[in-house]
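Please view the sequence and the structure together while reading.

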Amino acid sequence: MDHMERIVIEGGRRLNGETAVHGAKNSALPILAGSLLAGGETVLYNCPRLSDVDAAIEILQVLGCKVTREGTTVTINSDTMTQNEIPEELMHEMRSSIVFLGAMVSRLSKVRLSFPGGCELGPRPIDLHISSLQKLGVRVDEQHGILDCSVEKGLHGAKIMLSFPSVGATENILLAAVMADGVTEIRNAAQEPEIVDLAGYLTARGAKIKDAGKSTVYVEGVKTLHSAAYTVMPDRIVAATYLSAAAITGGKVWVTDLNPADLESVLPVFEQAGCRMKIMRDCIFMEGPGMIHPVRNIRTLPYPGFPTDAQAPVMALLTLSSGTSVFVETIFENRYKHVVELCRMGADIKTEGQVAVVRGVKKLYGANVQATDLRGGAALVVAGLAAEGTSRIGQLYHIDRGYESIEQAFAALGADIRREGT
Ligand code: UD1
């Protein structure tokens with residue numbers, strides 16, 4: 001990770017051509033955690049080359065698993081797992097490392113983790129993860145940022161009602177429940193496609209899961225899991241980012257290797273903005289509008305609502321619209337950090353609490369800006385592609401957590417974009 005790297009963009013070029021979407025970070029991470037269940041081997045195809053995935057692989061290795069990686073294929077053998085503690089640095093590197101907890105308590109009777117890394121999106125508590133695992137038979141002692149977990153008589157199924165459909169908590173419950181004794185019922189479960197993907201992987205290994213992707217999910221515990229190969233789903237947020245970039249430049253781009261159904265709440269927003277799209281089985285042709293229309297109200301919600309992760313890239317697009325668009329962010333408290341940076345580029349955005357009011361401007365101008373978080377950083381790249389003059393975007397490690405060399409993807413579509421070192 002080089003903190004001094006920058007992406008430099010000479011904006012104003014129309015994107016043209018074809019680009020493929022890589023595998024989903026948010027599905028690869030819980031699946032990698034799931035690979036340590038029960039021992040055996042997992043071969044994971046389409047696993048994206050991202051720093052968050054590197055961190056997850058490092059955790060598996062620290063725990064004693066054997067991991068090999070060739071391109072986008074990762075092979076994990078967890079027979080040799082011995083360790084029951086994830087070192088603090090690794091927990092802090094990636095908040096989603098908490099998703100290892102559910103898998104670890106299934107495998108070991110004592111597990112120790114520190115609280116996951118603070119995050120740029122405001123407080124991200126783990127209370128739902130903890131209370132759910134307690135229902136499945138995990139004893140949790142919290143002291144000074146350390147979680148000491150123990151399982152005395154093995155995990156057992158339980159009825160769990162989530163007060164909010166947390167993605168991570170639902171994943172942790174699935175991971176802990178697949179080998180628990182008896183049936184687990186998760187009510188108000190997250191319904192994100194990544195949940196369905198994790199369930200698909202676990203099912204490929206012999207787990208018994210019913211209705212993943214619905215609000216109530218049932219898991220019947222099994223005694224053991226076997227080895228399996230599985231292909232990670234396409235990243236729907238990367239797809240939304242590429243589509244936003246094509247649209248803001250008025251380009252014509254085929255975005256391939258995606259699943260349009262996962263983008264059901266995002267595509268109507270592009271349509272309202274005036275984009276013309278051809279939607280095929282696993283690709284979308286995007287033709288950016290001559291004039292971008294405003295979109296009255298975009299409210300981020302749990303799936304199938306508009307994804308909070310697509311809020312920033314789509315906001316970048318609407319900064320250049322011919323009117324006023326309003327965003328309401330209901331998932332995270334502090335998810336408008338990119339707004340200040342977009343305003344440096346000439347955008348007119350006012351925020352108050354959950355609401356952001358985006359008044360379209362005629363032009364964005366190149367500026368020196370900093371990626372504030374993963375999706376906020378991607379939004380700056382989208383804006384830079386359409387801005388007049390040179391944009392320089394720093395703090396790229398945020399973007400690299402979730403996009404495989406974003407500059408190469410856009411350069412291949414004709415953008416004038418490069419990465420500069422120190
Ligand atoms: C996942 C995604 C992230 C996405 C988010 C919402 C991964 C690795 N990350 O994050 O990209 O933005 O879903 O779609 O998959 N909450 C609690 N207590 C808890 C857990 C969550 O209050 O125990 C709150 C959070 O503070 C937040 C909301 O629930 O306000 C959503 O969080 P959650 O759905 O858990 O998101 P993550 O799994 O962290």
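## A loop residue between two strands

D211 is placed in the loop that lies between strand 11 (208–210) and strand 12 (217–220). In this predicted model, D211 has a positive phi of about 70°, although the residue is not a glycine. The relative accessible area of D211 is 26%, so D211 counts as partly exposed; the partly exposed range runs between the limits of under 20% for buried and over 50% for exposed.

## Another positive phi

N188 is not a glycine, yet its phi is positive, at about 55°. The residue is found in the loop between strand 10 (183–187) and helix 7 (193–204). N188 has a relative accessible area of 23% and is therefore described as partly exposed.

## A cis peptide bond

The backbone holds a further feature at the peptide bond from Y303 to P304: this bond is cis, with omega near 10°. P304 belongs to the loop between strand 17 (297–300) and helix 10.

Helix 10 spans residues 308–318 and supplies at least two residues of the shell around the ligand.

## The shell around the ligand

The ligand is surrounded by 19 residues. The closest of these are D127, L128, S166, D309 and I331. By residue class, the shell divides into eight nonpolar, six polar and five charged residues.

Helix 5 (127–135) and helix 6 (167–177), like helix 10, each supply at least two of its residues. Helix 5 provides the largest share, with three residues.

## Polar contacts and cover

Which backbone atoms lie at 2.7 Å and at 2.8 Å from an oxygen atom of the ligand? A polar backbone atom of L128 is 2.7 Å from an oxygen atom of the ligand. In V167, a backbone N or O atom lies 2.8 Å from an oxygen atom of the ligand. A side chain takes part as well: a polar side-chain atom of R335 lies 3.4 Å from an oxygen atom of the ligand.

On its own, the ligand has 740 Å² of accessible area, and the protein covers 85% of that area.

Key: Residues are numbered from 1 along each chain as its sequence is written. This is a predicted model: local features need pLDDT of at least 70, side-chain atom pairs count only at pLDDT 80 or more; totals for chains, interfaces and linings use all residues. Side-chain values use heavy atoms; hydrogens and water are left out. A residue is near a molecule or strand if one of its heavy atoms lies within 4 Å of it. A polar contact is a pair of N or O atoms within 3.5 Å; within protein, one must be able to donate a hydrogen and the other to accept it, and residues adjacent in sequence count only if both atoms are side-chain atoms. Accessible areas come from the Shrake-Rupley method with a 1.4 Å probe; for residues, only the protein chains shown count as cover. Helices (H or I, at least four residues) and strands (E, at least two) are DSSP runs, numbered from the N terminus. Ala, Val, Leu, Ile, Met, Phe, Trp, Tyr, Cys and Pro count as nonpolar, Asp, Glu, Lys and Arg as charged, and the others, Gly among them, as polar. Buried means under 20% relative accessible area, exposed over 50%, partly exposed in between (1.4 Å probe, protein chains only).
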